[in-house]
Amino acid sequence: MCGICGLAQPRGRPPIPTELLAGMLAAIVHRGPDDEGRHVEPEVALGARRLSIIDVEGGHQPLSNEDGTVWIAYNGEAYNFPEVRRELIGRGHRFRTRTDTETLVHAYEEWGESFLERFRGMFAFALWDRKERKLLLVRDRLGIKPLYYTLHGDGTLVFGSELKSVLRHPRTERTLDLRALDLFLTVEYVPAPHSIFREIRKLPAGHILTYQDGRTTLKKYWDIEAAGAAGPSPPARPEEAMDRLYELIKESVRLRLLSDVPLGAFLSGGIDSSAIVGLMRELGATPLMTFSIGFDDPTYNELDYARRAARAFGTDHSELVLRPQALELTETLVGHMDEPFGDFSMFPTFLVSKLAREKVKVVLSGDGGDEIFSGYEHYQAQALAQNPAYRTVAALLGPAVRRLPPSPKKKGFWNKLRRFVQGLDMPAGARHMRWMMFLSPAQKKKLYADAFLNAPERKKDVIDEEPFAGVFDRLPAFDPVTAELFLDLKTYLVDDILVKVDRMSMAVSLETRVPLLDHKIVEYAFRLPGEWKLREGTTKWIFKKTMERLLPRENIDRPKEGFSIPIKHWLKTELRDMLLDHLGRERVERQGLFRYPAVKRMIDAHFADRENYSHQLWALLVFSLWSDSYLP
């Protein structure tokens, strides 16, 4: 696992300054504290910071083929590289290391750009082909690893694992993209291909960007297809699917145990992380170390479930109880995110990563199970919203529900009912995203200042913007449930969940592997009928039935909680002064993007417990903190 950066320029330009590449690398030391490497030619400069996992002593990067005509700076893991390496040796290739990095170089020599089809894993890399004089930027199929880039007006391409490396180039502009800001305030993240800066882009998942002499082309090399469109037909019986799923997930976990350094697993006690830990035990992982985080507030605390799972599988278990320390963490975490990011769960993700890093360099995580097997409550909400009877009841209850205050608990029936009714206020065309949006069009009219509200770049509705528009166009090809999963796979998973996990784990130099997002599992899951995933209101039905052979009943049947924190309380206590400072009249009016009276009304209502505006206020606070560090 590494952090990469670099640049490419047309022929005939002055030499690339080595101090520029050094500065870009210095910005991402946390991603690779073990080693640094640089390769500079007249047209390209590649840099890598390395977190040594495989071939600890011999895996220095950037790395080349035998004659130095192909170079790579690589971030990630190709878990099946040993079998590809053996095939390449049989074809006459000579290896100097035991790394997956070198295997990719020789695979490119042998098969050209089709070499990606042969690898299973997570990666983002830059590959320089000197003979063809072209640079390839590649991102893995699901977007587990990040990659930013910008093309300057003079034809110079600058790229990096994190935005902060790209910003180290003196000619990289920092123009706030109001369209991206609107997307962030609506869904709490900035989706690819956008970044918060107009001139900088994210390479979308499953894509290759080719740079040659000042010009770029973008090509998709992988995507999910609807059942029947490609590949074998889905199984006829659920039991057949359960057997195959178990085989695929077990194989995926086995591949991700490949490591020359200690590894462990995150364990919440939910079905996803428990299944990963159970399979690690079944595969003989020793020692098996697990890590959990909990809270003083019992409505947020899941430690008891994690402890039970740890006992069931005999793990060496470590846990941490998170007490309010948001003030000291907030500025640190916002800085690590590079862009405004509103998902509260970055706090526990960072802290459990920090806990794990005390003992291991690699962890396995259960992320991805909700998006491929239908684990979220908003899938249930969307199904209910299609029923006229439920819509009628919600319409009748709506006025009373909106008037009465929220419960202080994390969830509960009352808070769920309020969220369901609020979601129905969002555009119906947004499907289940209605319950994942935090500013309605009516709220934006009250909150946004005229310059922001009427900006030309935000005249489209969020669902008419990319990537949402392109995803919505494809939904009719899937059955109703699988369509909702596809929407999350292409947006929320890649641009929220995986961004959070990558940044928060790499902030402490920890590699996180996600077995449930092996592309073979994802492809298989998307061929299964939606009614096997969400069955009579039961989420993850097929996955739960599959794991009955492995997990204790209590870890299968427990209600889904989510990896959240009591931010609605923290904003009124530990973060109160910071919130009032950053969202005070003077700052808000100087910024010129929001109407202070609307901000003030939200603060007052939240502090008085008349309404839960934690999502909206946190997003505004994060943007203000981020602006202080990143905007000129």
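Me: Which side chain does the side chain of Arg458 join in a polar contact?

Reply: A polar contact pairs N or O atoms within 3.5 Å. In this predicted model, the side chains of Arg458 and Asp182 make one at 3.5 Å.

Me: Where does Arg458 lie, and between which helices?

Reply: Look in the loop that runs between α16 (450–453) and α17 (468–474).

Me: Is Arg458 buried or exposed?

Reply: The cut-off for buried is under 20% relative accessible area. Arg458 comes out at 11% relative accessibility, so it counts as buried.

Me: What is Arg458 in contact with, beyond its neighbours within four places in sequence?

Reply: Besides Asp182, you'll find Arg179, Lys444, Tyr448, Phe452 and Leu453.

Me: Now Arg141. Where does that one lie?

Reply: Arg141 is in a loop too, the one between β7 (134–139) and β8 (148–151).

Me: Which backbone oxygens does the side chain of Arg141 reach?

Reply: The backbone oxygen of Leu116 is 3.0 Å away, and that of Phe119 is reached at 2.9 Å.

Me: What else does Arg141 touch, not counting residues up to four places away in sequence?

Reply: Among them are Glu117, Arg120, Phe123, Tyr221, Trp222 and His519.

Me: And how do I read separation in sequence against separation in space?

Reply: Set the two values side by side. Arg141 and His207 are 66 residues apart in sequence, yet their C-alpha atoms are 7.5 Å apart in space.

Conventions
Residues numbered from 1 in each chain as written. Predicted model: local features only at pLDDT ≥ 70, side-chain atom pairs only at ≥ 80, totals over all residues. Heavy atoms only, no water. Helix = DSSP H or I, 4+ residues; strand = E, 2+ residues; numbered from the N terminus. Contact = heavy atoms within 4.5 Å. Polar contact = N/O pair within 3.5 Å; in protein donor to acceptor, adjacent residues only side chain to side chain. Buried < 20%, exposed > 50% of the residue type's maximum accessible area, 1.4 Å probe, protein only.
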